[in-house]
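Me: I am new to protein models. Can you walk me through one, feature by feature?

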Amino acid sequence: KFAKYMQTWDERQKGVLDFLISILDLSTPSHETITINRVSEPGTNGKAVIARLEPDLTIRCVEISDPFGPTITDESISALVISAETRAGGKAVNDKRREKGWEDLEVFEVDVLNGEEERGDQAITTTEDFASKISSTEIRRRKSERSQSGA
């Protein structure tokens with residue numbers, strides 16, 4: 001939904017990697033041990049960026065082109081990050097993996113963003129309950145509404 005406001009795959013994976021590396025890379029600047037490889041293979045889920053941080057952490061950003069992504073085609077994947085909104089999808093992934101005789105993924109659930117509206121220099125929080133939390137789709141919807149209203 002609201003595709004006009006979606007980031008490109010390249011923008012999204014760069015932002016995700018920059019963020020994750022900023023919090024996970026504990027090497028000193030003179031001893032940076034990060035290698036980044038781009039993969040582009042034919043077929044489903046063939047486009048990826050793989051960052052390796054020493055000694056043994058690998059971050060793999062994959063452009064997903066089906067509901068499950070590589071979680072049901074790559075047995076070596078060990079974890080999945082979801083939100084409360086995508087909890088059912090995380091369960092479906094582990095159900096499919098069990099059907100194949102594979103181990104369940106370790107699932108990490110993160111909160112979604114607060115539903116804040118900006119007015120001038122102020123950010124106004126609507127409420128503190130889950131109803132005020134928003135997804136990336138909701139963020140794009142709000143951007144669309146603002147552009148249509150000329151705000």
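**Reading the model**

Reply: Helices (H or I, at least four residues) and strands (E, at least two) are DSSP runs, numbered from the N terminus. This is a predicted model, where local features need pLDDT of at least 70, side-chain atom pairs count only at pLDDT 80 or more, and totals for chains, interfaces and linings use all residues. Residues are numbered from 1 along each chain as its sequence is written, and side-chain values use heavy atoms, with hydrogens and water left out.

Me: Is Asn94 buried or exposed?

Reply: Buried means under 20% relative accessible area, exposed over 50%, and partly exposed in between (1.4 Å probe, protein chains only). Asn94 has 7% relative accessibility, so it counts as buried.

Me: Which residues does Asn94 touch?

Reply: Contact means heavy atoms within 4.5 Å. Leaving out residues up to four places away in sequence, Asn94 touches Asp104, Leu105 and Val107. Its side chain also reaches the backbone nitrogen of Leu105, at 2.6 Å.

Me: How many salt bridges does a search of the whole structure find?

Reply: Learn the rule before the count. A salt bridge is a side-chain nitrogen of Lys or Arg within 4 Å of a carboxyl oxygen of Asp or Glu. The search finds six.

Me: Which residue forms a salt bridge with Asp18?

Reply: Lys14 does, with the closest N and O atoms 2.7 Å apart. Both residues lie in helix H1 (residues 9-24). They are four residues apart, about one turn of the helix. Asp18 is partly exposed, at 42% relative accessibility. Lys14 is partly exposed too, at 48%.

Me: What separates Arg98 and Asp95 in helix H2?

Reply: About one helical turn, because they are three residues apart in helix H2 (residues 87-99). Arg98 and Asp95 form a salt bridge, with 2.8 Å between the closest N and O atoms. Arg98 is partly exposed at 45%, and Asp95 is partly exposed at 25%. A network of salt bridges links Lys91, Asp95, Arg98 and Asp104.

Me: Which side chain meets that of Asp74 in a salt bridge?

Reply: That of Arg60, at 2.5 Å from N to O. This pair links distant parts of the chain, 14 residues apart. Asp74 is in the loop between strand S3 (57-62) and strand S4 (79-83), while Arg60 is in strand S3. Asp74 is buried, with a relative accessible area of 17%. Arg60 is partly exposed, at 40%.

Me: Where is Ile72, and which residues does Ile72 touch?

Reply: Ile72 is in the loop between S3 and S4. Its relative accessibility is 16%, so it counts as buried. Not counting residues up to four places away in sequence, Ile72 touches Val93, Lys96, Arg97, Lys100 and Trp102. Now take Ile72 and Asp95, 23 residues apart along the chain. Their C-alpha atoms are separated by 9.7 Å.

Me: What about the whole protein chain?

Reply: Apply the burial rule to its 151 residues: 26% are buried. Then look at contacts between residues at least 6 apart in sequence. Of these, 45% join residues at least 24 apart.

Key. A polar contact is a pair of N or O atoms within 3.5 Å; within protein, one must be able to donate a hydrogen and the other to accept it, and residues adjacent in sequence count only if both atoms are side-chain atoms.
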